[in-house]
Amino acid sequence: MIVGSISMLAAILLAFLRVPLAFSLLAVSVAGIGFAINWNIALQLLPLTISDAVLSYDLAVVPMFILMGNVISKTGIAHDLFRAAYAFVGHVRGGLALSTMVACSGFSAVCGSSYATAATMAKVAYPSMKKYHYSDELAAGTIAAGGTLGILIPPSIIMVVYGILTQTNIGDLFIAGVVPGLLGLALYMLAIRFVAARNPDHAPQGEKTPWPEKLKALSGIWPFILLFGLIIGGLYAKLFTPTEAAGMGAGLAILIATFHGRLTWTVLRRVIIDTAYTSVSLYTVLFGALMLSKLLTLSGLAAGVLALVQSTGLEGYALIFAIMLVFLVLGCVMDSMAIILIFVPLFAPIVVAQGFDLVWFGIIVIVVTEIALVTPPVGMNVFVLKAVLPDVPVVRIFKGLVPFISVDVLRLAVLVAFPAITLWLGSTVG
C-alpha cells in the first residue's frame, strides 16, 4: 500500500509539472509494480496490457468517433449549423450567443471533444459576435462554456475512457448523457438571457432573418440530426454496439462531406493524419491509465483506501459529496483528463461498494470535469480559446464564465439529488 501511495503522489506531481500524461502514468505504474511485486512482472504486464488494449473491440470506438468529429470540423459543416441557429434566434438580444450555444451542442453531438468544440466555435462564432459589438466576456465565455458540452452530449471521448476504466457499458453512458446534456444547454441559454437582460450593452441585437432565408438555413442542420439520430437512436434501440455505431457514424460523416462537395483529397489527408495523431496520443494515455489500475490493485492501495473510507464512517451521499469536492479542487490545478485517469480507478470501487450506479456516477464525474475545464487557474478550455483568440485577455474569459459556472453547479446539485434524471432514458430501453 505504501508503494501504491507513493506512486499516486508521483503521478499527481508529474501532472502538476506538465510532464506528458501518457509517459508519466506508464513510468510511475511500471516502477510501482516493480517495487511492490517484482520487476519481471512489471515488465511482462506492460506489453500484455498494451496488446490487450490495442486488440480490444471496445477501444476501436475511439478512432472512429475522432474521425467523425474531424470530418465535420475540417469540412466547414459546423459553419452551417451556426448559420441555421443564428437565422432563428440571432435577432433577439443575446441571440448570437444563443446561436453559438446551440451550435456548440450540435457540434458536440458529432465531435466528442471539448477542446475541439471550443476551438472550432471560436473560429466560427467569435468574429460574428465581435462584428455586432458583443463584449469579450460574453463572447469568449459562451464559447468556452459551450465547449464543455463536448464531453457530455454523446458521443463523448471521455465517456469512452470512463467506460473502459470502470468496465461500464459505453452505450448506457451515451444514453444517460442525453438528458443532462440538454439540461446543461437549457441552463446555459438561461444564463445568456440573464446576462443580456442585466447588461444590454454586452449583447446587442443582430439582424432579423427573413423566413425564406430561415428555411434555407435549415438545410445546414440535417447532417447533425442524421448523425446523432443514427448513433443514439441505434444504441437506444439496441440495433448495434457503440463500436459499430462509431464506424457507421464515421462512414456517414465522410459520405455527407462528399455529398456537400467539401471532402477534397487535401482535406481527407489532413483529416486522416489528425485522426491518427489524436488516436495514438489517446491510446498511449489509456495504456498508462490501465497500468495504473493494475498498480492500484496489486499494491493494495485500492483496498486500503476502501478500508480507510469505511473507517471514517463516510457513506452514501456524504461520500459522493467528498469525492466531488476532491475532483473540483483538483480541477482548479490539473488537467481534467489527468484527474479522470488517475482518480476514477481509485474511487470507482468505493462507489460500487456503497451501492451507487456507475453509469450515474460517470455522468456526475463528467459534469464535475466540465466545471474543471473552465475553472481558474488552469481551465483548459480557457487556454484552448486563448490560443485561438490571442487578443482576448484570460481574465476576461474567466470573468465571462462566472454565470455559466454558477448554473453548472446548480445542474450538478440537481443531478446528484435526483439520479432518476440521469437514469430515466436508459431505463426505458428495451
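Q: Why is aspartate 80 called buried?
A: In this predicted model, aspartate 80 has a relative accessible area of 9%. Buried means under 20%, so the term applies to aspartate 80.

Q: What makes the contact between arginine 83 and aspartate 80 a salt bridge?
A: The N to O distance between the side chains of arginine 83 and aspartate 80 is 2.3 Å. A salt bridge requires a Lys or Arg side-chain nitrogen within 4 Å of a carboxyl oxygen of Asp or Glu, and the pair therefore qualifies. Both residues belong to helix H5 (residues 77-89), where they are 3 residues apart, or about one helical turn.

Q: Which residues are linked with Asp80 in a network of salt bridges?
A: Asp80 is linked with Arg83 and Arg262. The side chains of aspartate 80 and arginine 262 meet at 3.0 Å, N to O. Aspartate 80 lies in helix H5 and arginine 262 in the loop between H14 and H15, so this pair ties together parts that are 182 residues apart in sequence.

Q: Why is arginine 262 called partly exposed?
A: Its relative accessible area is 26%. Partly exposed covers the range between the buried limit of 20% and the exposed limit of 50%, so arginine 262 belongs there.

Q: Why does lysine 238 count as exposed?
A: Lysine 238 has 53% relative accessibility, and exposed means over 50%. Lysine 238 also forms a salt bridge with aspartate 172, with the closest N and O atoms 3.9 Å apart.

Key:
Residues are numbered from 1 along each chain as its sequence is written. This is a predicted model: local features need pLDDT of at least 70, side-chain atom pairs count only at pLDDT 80 or more; totals for chains, interfaces and linings use all residues. Side-chain values use heavy atoms; hydrogens and water are left out. Helices (H or I, at least four residues) and strands (E, at least two) are DSSP runs, numbered from the N terminus. Buried means under 20% relative accessible area, exposed over 50%, partly exposed in between (1.4 Å probe, protein chains only).
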